[in-house]
Amino acid sequence: MFCEISSLKLKPSCLLSTNKLIFLTVTEMGESKFVSLAFLLVCLVVQRVWSHGYHPLSKVAVHKATVSLLDLAYIKASPAVLGLQEQTAEWVTLEYSSPIPSIDDWIGVFSPANFSASTCPKENRRVYPPLLCSAPIKYQYANYSSPLYKETGKGFLKLLLINQRSDFSFALFSGGLSNPKLVAVSDKIAFANPNAPLYPRLALGKSWNEMTVTWTSGYGINDAEPFVQWGPKEGDRMHSPAETLTFTRDSMCGAPARTVGWRDPGYIHTSHLKELWPNKIYEYRIGHKLNNVTYIWSGNYQFTAPPFPGQKSLQRVVIFGDMGKGEVDGSNEYNNFQHGSINTTQQLIQDLENIDIVFHIGDICYANGYLPQWDQFTAQVEPIASAVPYMIASGNHERDWPGTGSFYENMDSGGECGVLAQTMFYTPASNRAKLWYGDMTSYISSNYNQ
């Protein structure tokens, strides 16, 4: 449920989304007015909450895959090079054919493009790697946009790809998801600069006049110097260096995060922009200085600095959980959650000029151990997170894993055990591994409710 609230009065226009609750609250500084609508809206919207089930990519039986390449089968992808005009996402057109088509045939998108057994690490000496090293990063049935595929054996499909630091290939499978047989593989395609700095996400710093910028790239600390170029709108610019984090397969706690769901996360950079003037508009862009002294830049962004603590001002806060991520091309349907996620994101983008901060309090993208989903989520929320602080907390689908100290001893994180959430997003907590709202509550109460 998404409702707009203005001057502490509920407007009649509300958009029903999915089984999550989204609400906008207004805190008026100086008079210390705060209206919590959570209890009210929960009473108004009574919905049963249940398990979100299995991730759609887990339906692909990777370890059962076999090679059944057919001479007359093919799959072609175009264009071969993406992002020639510095786009971070681009539509790809697939043309494919099979001499023995079936309604169970499907298309898998793989990245990195080489998914053969030769690149699969062994869990131990007695366990041989599967044919496929990883699950696809997305998939769709061959007859999705070609209803006559079963009769003609020919089809086409358009899929939206984002820059994810590696090349892509497309595979045509028969046998359905549970018994996949590789029929044809496309040539590789890639973005012009797969390492480009992407998907900036803002977060509040540890003091009231600090903003942090986190982003993802393919540049390690030995490859380039990460920084943010920033300053007041129409004012002088300065450079602030960024810290760089990453993690390995061994950082994951279990499958699928450390097996078929694993994908190299690249590098996550965070820069701290300090001594901001209250309510001032700042412009910024993220960059990397390469070893050959050339620069790689992102696009231009801007944000408004927080008010001075105690200052009388209107702060509009959006709080929600359980959003997930969606695919505008219709792939990877996850219990019909996708459309709700896309609708919610679009609504937030539409109302962005009336939003000062966002709290996504757990169950962020439902990656459940399939790591490429985090890139896709940060790309989805970039228009929001690059403009206003996007504060997160861990839910069961980010943190829970047996024997790791999580509150519930279940496997809802898919082996991530909190590593992705605490690395991909910055939180001003004393311990990033414990990004609970104990730290945040005192921070917000002192800075946003004076």
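In which sense do strands β23 and β24 pair, and over how many bridges? They pair in the parallel sense, over 4 bridges. The legends below take this pair and other parts in turn.

This is a predicted model, in which local features need pLDDT of at least 70, side-chain atom pairs count only at pLDDT 80 or more, and totals for chains, interfaces and linings use all residues. Residues are numbered from 1 along each chain as its sequence is written, and side-chain values use heavy atoms, with hydrogens and water left out.

**View 1. Confidence along the chain.** The mean pLDDT (the predictor's confidence in each residue, from 0 to 100) of the protein chain is 84. A value of 70 or more is reached by 80% of the residues. Residues 1–51 have pLDDT below 50, with 107 contacts (heavy atoms within 4.5 Å) beyond near neighbours in sequence. Residues 439–443 are also below 50, and this stretch has 10 such contacts. Where pLDDT is low, the predicted coordinates should not be read in detail.

**View 2. Strand β24 and its partners.** Helices (H or I, at least four residues) and strands (E, at least two) are DSSP runs, numbered from the N terminus. Two strands pair if DSSP finds at least two bridges between them. Strand β23 covers residues 314–320, and its Phe320 has His360 of β24 as bridge partner. Strand β25 (residues 390–393) runs parallel to β24, joined to it by 4 bridges. Here Ile361 is bridged to Ala393 of β25.

**View 3. Ala142 in its loop.** Ala142 lies in the loop between β10 (138–141) and α2 (149–152). Its relative accessible area is 0%, so Ala142 is buried. Beyond residues up to four places away in sequence, Ala142 touches Tyr96, Asp105, Trp106, Ile107, Tyr149 and Leu172. Ser97 is 45 residues from Ala142 along the chain, and their C-alpha atoms are separated by 9.4 Å.

**View 4. The largest nonpolar core.** A nonpolar core is a set of buried Ala, Val, Leu, Ile, Met, Phe, Trp, Tyr and Cys residues joined through side-chain atoms within 4.5 Å. The largest has 31 residues, of which Met252, Val358, Trp374, Phe377 and Tyr390 touch the most other members. Two or more residues each come from β23, α4, β25 and α6 (419–424). Helix α4 gives the largest share, 5 residues. A second, separate core has 23 residues, including Leu202, Val213, Trp230 and Val317.

Key:
Buried means under 20% relative accessible area, exposed over 50%, partly exposed in between (1.4 Å probe, protein chains only).
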